[in-house]
Amino acid sequence: MSLRFYAIAYLIFLYAPIALLPIFAFNDATIIAFPLSGFTTNWFSELWTNTALHTAVGNSVFIAMMTAILSTLLGICAARAGAMANFPMKAGIMGFIMLPLVLPEIIVAVSLLVVVVQIFDLGLSNWTIIAAHVLICTPFSIAILNGAFQNLDPSMEEAAMDLGETRFGAFRSVTLPLVMPGIISSMLIAFTISLDEFIIAFFLSGVSPTMPVYIWGLLRFPASLPVVMALGTILVALSILLLTIAEILRRRGLARAGVADKGGFL
Amino acid sequence: MISPPFLYALLLLAFPLAAILLFSFWTQDFMTVDTTFTLDNYREIATQPIYGTLLQRSLYVSACVTLVTVLLAFPVAYYVSFHVRPERKSLWLFLITIPFWTSYLIRVFLWKVILGFNGVINTGLINIGLIEEPLTFILYNVNAVIITLAHAFAPFAILPIFVALEKIDRSLLEAAQDLGENRVMTFFRVTLPLAMPGVVAAVLIVFIPTIGDYVTPELMGGAGGKLIANMIQTQFLALNNAPLGAALAIVAMLCVSAIALVFVLLNRRWLRGRS
């Protein structure tokens, strides 16, 4: 029983900072501190007129969408290979692909910065960020897609090929529908991670910042903090929505594949 | 099928890591990079006390964060695995992971609001009369960095421990109790050793990435709470000395990997000694 209290207290600890967001987003004062002074929606309307923010959001959404598509494609390849085929050095190769999960992000950021700027002498753009985000999102995609691919019966695809489907046709008409929920779930997670990622984007963004980089700039100016709170409220609501959809789809995918839910993304 | 993701990781991970290693042996000569092989960067890191101080502080912070996160996370993972009904488990895990995916920067900033001079904790404690002056040891120092990072990495610690606990065969626990162990001893002699792989994974997955975070020390650390990652960032972006930054990154990675390796080996020996 006391364990239960502890677990609930822990959840409150986890949610405490996020719970403060809407409080200050609607608070009628430029200083982010208690006591509260009054109710306002001004900070939200300021978001609509801020064109620099709109550009930053546009960049971030583009980056996040490309990252979601590319890392899920790579994740499908890896999860399929991991579930179906045995090949030499399998554990080593899979471990290497999953390495960005534990690698400090600053290492990924500086090493790519050195390669892009110093070695190839290319400019930084949204595509350099996409390249790095795909690298760090692929392990998460693989972790989600593994669940979808693991208990897939290879004989079903073989049966389709025996009945005259091509290799790709068998994949498209048999395997793909079974793993579709997993794919969408993986895309949503990769989208959320990329949209929120700051450490790498700060090193690799070109002239036009992404949304977290723009927020980082705002954090230095006390006057713009309430607007950041309003933006944060919208972002948290949006990512909770996306993650909830991802979770529902992940569970549906597991149910379709006939696997008991062991819970969790990882 | 494996080749596209493998090639991608090779091209964007192995190759850049090799490049940064090579770079650390070069030097910055105003606007150009001098490509003669030299150990100057490493010599500078070894002789200038600032780098040693930052590295030590970083390792201390990472170790504290790891200890706090894993100790706080274990009972939660235990509760979810042993006391929550199976069909409710994924809901709990979902609730635990949600804060982890949302607005990292803003979450860190909000800790400033909680811990600050006029923050939630200080006004709260003053209002109920526990303290008269605001507490100052919880913002703009190493403590604040540790609290904030421990919060950010909490779900990372819970998941691997939960997975390890889920794998434990429940009949082993019954057997231990049938053989006369009490519940506390059953936990220490059966559950904990079997959960150790999860604890080790949790330690690694928290300890290694925390060394690379520069957002939290920048926002929460004040002047005395800067870490090695801040220095790496400064060398690359402000001072335009990529080779020295590269050498710092390599040294930081080596230290973290060495400590992680020692931890894994010690744990393996401890587990073997018990069986």
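**Entry 1: confidence.** I began with the scores, since this is a predicted model, and I noted an ipTM of 0.84 and a pTM of 0.86. For chain B I found a mean pLDDT of 85, with 99% of its residues at 70 or more. I then looked up where in chain B the confidence is lowest, and I found strand 2 (residues 32-34), at a mean of 74, whereas helix 3 (residues 49-83) has the highest, at 92.

**Entry 2: chain B as a whole.** I listed the secondary structure and got 13 helices and two strands for chain B. The C-alpha atoms of the chain fill a box of roughly 75 × 60 × 40 Å along the principal axes. Of the 275 residues in chain B, 46% are buried. I also looked at contacts in chain B with a separation of 6 or more, and 73% of these are accounted for by residues 24 or more positions apart.

**Entry 3: helix 12 of chain B.** Is this helix mostly covered or mostly open? I found that helix 12 (residues 228-238) is mostly covered, with eight of its 11 residues buried. I wrote down the buried ones as B:I228, B:A229, B:N230, B:M231, B:I232, B:Q233, B:Q235 and B:F236. Following helix 12 I came to B:N240, whose phi is positive, near 55°.

**Entry 4: the side that touches chain A.** I looked up how many residues take part, and 66 residues of chain B are in contact with 68 residues of chain A. On the side of chain B, helix 1 gives the most, with 13 residues. When I sorted that side of chain B by residue type, I had 52 nonpolar, 11 polar and three charged residues.

**Entry 5: one helix pair across the two chains.** I followed helix 1 (residues 3-23) of chain B to helix 4 (residues 90-98) of chain A, and their axes come within 9 Å and cross at roughly 55°. Why do I call this pair oblique? An angle of roughly 55° lies between the under 35 degrees that counts as roughly parallel and the 65 to 115 that counts as roughly perpendicular, so the pair is oblique. The crossing of helix 4 of chain A with helix 1 of chain B is left-handed. Helix 4 of chain A makes this contact through A:I93, A:F96 and A:I97, and helix 1 of chain B through B:P5, B:F6 and B:A9. I sorted the residues of this contact as well, and they divide into six nonpolar, no polar and no charged.

Methods: Residues are numbered from 1 along each chain as its sequence is written. Chains are lettered from A and ligands numbered from 1 in the order in which they are written. This is a predicted model: local features need pLDDT of at least 70, side-chain atom pairs count only at pLDDT 80 or more; totals for chains, interfaces and linings use all residues. pLDDT is the predictor's confidence in each residue, from 0 to 100. Helices (H or I, at least four residues) and strands (E, at least two) are DSSP runs, numbered from the N terminus. A residue is buried if 20 or more other C-beta atoms lie within 10 Å of its own, exposed if 12 or fewer, and partly exposed in between; C-beta atoms are placed from the backbone. Axes are lines fitted to C-alpha atoms, for helices over the stretch in contact, and angles run from 0 to 180 degrees between N-to-C directions. Angles under 35 degrees count as roughly parallel, over 145 as roughly antiparallel, 65 to 115 as roughly perpendicular and the rest as oblique. A crossing is left-handed if the near helix is turned anticlockwise from the far one by less than a right angle, and right-handed if clockwise. Two residues are in contact if their C-beta atoms, placed from the backbone, lie within 7 Å. Ala, Val, Leu, Ile, Met, Phe, Trp, Tyr, Cys and Pro count as nonpolar, Asp, Glu, Lys and Arg as charged, and the others, Gly among them, as polar.
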